[in-house]
Amino acid sequence: MSVYKNDDPSHFDTALQSLVKQTVKPDEIIIVVDGPIPKEIEKVLVSFQENNKNIIVHRLKENMGHGYARSIGLELSSYEYVALMDSDDICIENRFEKQLSFFRENSEVSVLGGVIEEFSKETDSSLLKRKLPETDAELKKYMKYRCPFNQMSVMFKKEDVLASGGYKDWFCNEDYYLWIRMALRNYKFHNLQTSLLKVRTNENFYKRRGGFKYFKSEAKLQRLMLSKDIISLPIFLSNVTIRFIVQVLLTEKLRKYFFKLFTRSN
């Protein structure tokens with residue numbers, strides 16, 4: 001997990017508490033502090049360290065972004081399996097138990113995600129679920145069009161991720177870039193069809209998924225997949241056109257409606 005100055009201290013505390021309430025508790029919790037943080041967040045972090053001895057805290061002098069923070073956290077991890085989450089997510093209490101159980105029975109899989117439940121921080125009420133395809137074949141097909149995992153739900157084999165180059169900077173798409181590289185090395189994917197996390201959303205959630213800079217990042221990924229023969233030219237043109245319409249031409253309100261209508265379920 002990484003935390004930075006704009007995170008909500010109470011949400012950060014709730015996220016941390018969801019880790020220690022797991023039916024299978026993590027052997028190690030790595031928190032990358034992504035640049036200077038205010039006193040309120042520092043207080044939550046210090047309190048958590050005092051009450052839990054399996055914590056590694058690594059501080060970056062300046063804010064470097066999610067991709068870099070995840071790469072540092074991965075380097076610091078000591079174990080074969082590494083789980084991700086964001087600093088305002090809430091892990092459902094049997095998340096790790098479900099994922100580790102699956103890995104024990106399916107040793108060929110390298111990356112395992114699951115369903116997320118999105119809820120509004122204003123209402124704290126469940127809004128929508130984001131459920132993605134299940135099997136490796138389905139996910140490799142889905143990847144031609146969209147990112148195949150809810151990143152915050154993922155648990156993976158550290159060795160396989162590092163062998164693929166680990167997390168590398170790619171504006172707002174460092175996870176998609178990683179899954180593409182892992183697919184090219186024929187690592188196996190899977191998504192559990194049950195909920196693993198509750199994820200907070202707000203108006204900025206949809207704002208961050210728009211704008212020309214975000215579109216350029218996604219279009220560049222599409223060009224990469226075209227160059228690696230993951231997608232054909234017709235799929236490339238279709239993907240880029242749809243992204244330009246949704247991310248550049250649509251207003252923020254219409255973009256929010258599009259995501260809820262086509263990518264989420266009640």
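How many of the 14 residues of strand β9 are buried? In this predicted model, the count is 10, so strand β9 is largely enclosed by the rest of the structure.

**Close-up 1. Strand β9 and its pairing partners, β5 and β6.** Strand β9 spans residues 188-201. Strand β6, residues 109-120, pairs with β9 in the parallel sense over 10 bridges. Within this pairing, Val 115 has Ser 195 of β9 as its bridge partner. Strand β5, residues 90-91, runs antiparallel to β9 and is joined to it by 2 bridges. Here Leu 197 of β9 is the bridge partner of Cys 91.

**Close-up 2. The aromatic cluster of Phe 149, Trp 179 and Phe 189.** The model has 5 aromatic pairs. The charged end of Lys 140 sits over the ring of Phe 189, 4.8 Å from its centre.

**Close-up 3. The aromatic pair of Phe 215 and Phe 244.** This pair is edge-to-face, at 5.3 Å centre to centre and 70° between the planes. Phe 215 lies in helix α9 (residues 212-227) and Phe 244 in helix α10 (residues 233-249), so the pair ties together parts that are 29 residues apart in sequence. Phe 215 is buried, with a relative accessible area of 10%, whereas Phe 244 is partly exposed, at 30%.

**Close-up 4. Lys 220 and the ring of Trp 170.** The charged end of Lys 220 sits over this ring, 4.8 Å from the ring centre.

**Close-up 5. The second largest pocket, with a volume of about 610 Å³.** Its lining is made up of 29 residues, of which Pro 26, Glu 28, Tyr 81, Val 82 and Ala 83 are the closest to the pocket centre. Two or more lining residues come from each of β2 (29-34), α3 (66-76), β4 (81-83), α4 (95-105) and β8 (155-157). The most come from α3, which gives 4 residues. By class, the lining has 20 nonpolar, 4 polar and 5 charged residues.

Technical notes
Residues numbered from 1 in each chain as written. Predicted model: local features only at pLDDT ≥ 70, side-chain atom pairs only at ≥ 80, totals over all residues. Heavy atoms only, no water. 1 Å grid on protein atoms, 1.4 Å probe; cavity = no way out; pocket = protein on both sides within 12 Å on 5 of 7 lines; lining within 4 Å. Points joined across faces, edges and corners; volume = space filled by probe spheres on them. Nonpolar A, V, L, I, M, F, W, Y, C, P; charged D, E, K, R; others polar. Buried < 20%, exposed > 50% of the residue type's maximum accessible area, 1.4 Å probe, protein only. Pairing = 2+ DSSP bridges. Phe/Tyr/Trp six-rings, centres within 6.5 Å; stacked < 30°, edge-to-face > 60°. Lys NZ or Arg CZ within 6 Å of the ring centre and 35° of its normal.
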